[in-house]
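Subject: Handing over a structure for you to explore

Hello! I am passing a structure on to you, together with some notes on what turned up in it. Please have a look around on your own before reading further.

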Amino acid sequence: MAWKDAFDYLRGTAGKAFGKPEDAPQDRGLPLGARIGSLVHLQQSPLLRASAGGSLLALPDEHATRILAISQLKLNMDGKLYRYYLDTGDADGDETFLQLYVNARGELAELLFCSQLTRLVPETVEEQEMFTGAAGSGLGDASYTLWRWQLEEFGLDLDAIFGSADEIVYQREAGHPDTPWIAPFRGSETRIDDAGGHSGLKQEVYLMPYTRPLADGLRESLLISTEILASVNGDSRQRGIHVDFVIGIPVEQARLQIQ
């Protein structure tokens, strides 16, 4: 199966909860002073500009103003990656979160507002290998293409997104662009859903960021991550695998306040 066809093929288809205390992201000393329950004030002008420029981003719900959960992704990359969830998507919804990348010097180098486009469930070994890059292709390829017909049922303004084209192409945001494939970033995500770390989840993650230009010099990220659930609230009997397609738009730190 061609990697570019996989999206459509699959579309229908501290903490006591985490064992060791060091496994869980601590609800203190986080970038921007965030804590579970913190209020989030985000100026939406860059998100509105991105939407007008053809972005696939879902604009934030006006009621999603509190951080409901916090996670840290420990991947084989320099720096640290955090996610502040405004909606975890656990109740049959879509994830919405702020993603923060802190570089090896401890500086906040990137801040994205992210909304989930869709979630897929790879059901065969071939599909799982494609979305983990295990076969040396798939996740980690130099580009990823979305086609107009793949998004017809999403309720999007496809004319604004595609214009007269039938496809939009995202380029891999890691490695040399001339390298046909590189291994996706790999590690784990530990999410805490309460300040004491009693509830949350832990999962293995394969992640690759892709990007494309929008109008007015804006940039849209497509984060593709394969997530293999290891435990929920400390219960390792709950297992599963899924692939998240997430749209991210850069936000200037000055446009965000967390209280």
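Two notes on where the values come from. This is a predicted model, in which local features need pLDDT of at least 70 and side-chain atom pairs count only at pLDDT 80 or more, while totals for chains, interfaces and linings use all residues. Residues are numbered from 1 along each chain as its sequence is written, and side-chain values use heavy atoms, with hydrogens and water left out.

**The protein as a whole**

How many of the residues count as buried (under 20% relative accessible area; exposed is over 50%, partly exposed in between; 1.4 Å probe, protein chains only)? Of the 259 residues, 50% do. The protein exposes about 12100 Å², and carbon and sulfur atoms supply 48% of that area (Shrake-Rupley method with a 1.4 Å probe; for residues, only the protein chains shown count as cover).

In soluble globular proteins, nonpolar side chains tend to be buried together. A nonpolar core here is a set of buried Ala, Val, Leu, Ile, Met, Phe, Trp, Tyr and Cys residues joined through side-chain atoms within 4.5 Å. The largest one has 61 residues, and Leu56, Tyr84 and Phe245 touch the most other members. Strand β5 gives the most to this core, with 6 residues.

Have a look at helix α2 (residues 45–52), where Pro46, Leu47 and Ala50 are buried. Seen down the axis of α2, its buried residues fall within an arc of 100° (taken from the directions from the helix axis to the C-beta atoms), so they line one face of the helix. These residues pack against β1 (40–42), β5 and β11 (240–250), where a contact means heavy atoms within 4.5 Å. Just after α2, Gly54 has a positive phi of about 100°.

In helix α3 (residues 125–132), the buried residues are Glu127, Met130, Phe131 and Thr132. Gly133 follows α3, and its phi is positive too, near 75°.

**A covered strand and its partners**

Strand β2 (residues 69–75) has 6 of its 7 residues buried. Two strands pair if DSSP finds at least two bridges between them. β2 pairs with β3 (residues 80–87) in the antiparallel sense over 5 bridges, and Ser71 has Arg83 as its bridge partner in β3. In this hairpin 4 residues sit between the strands, and Gly79 takes a positive phi near 85°. β2 is also joined to β8 (residues 185–192) by 6 bridges, again antiparallel; there, Leu75 is bridged to Gly187.

Leaving aside residues up to four places away in sequence, Gln116 touches Asp94, Glu95, Asp244, Phe245 and Val246.

Thr211, in strand β9 (residues 200–213), is buried as well, with a relative accessible area of 15%. A polar atom of the Thr211 side chain lies 3.1 Å from the backbone oxygen of Glu220.

Enjoy exploring!

How values were computed. Helices (H or I, at least four residues) and strands (E, at least two) are DSSP runs, numbered from the N terminus. A polar contact is a pair of N or O atoms within 3.5 Å; within protein, one must be able to donate a hydrogen and the other to accept it, and residues adjacent in sequence count only if both atoms are side-chain atoms.
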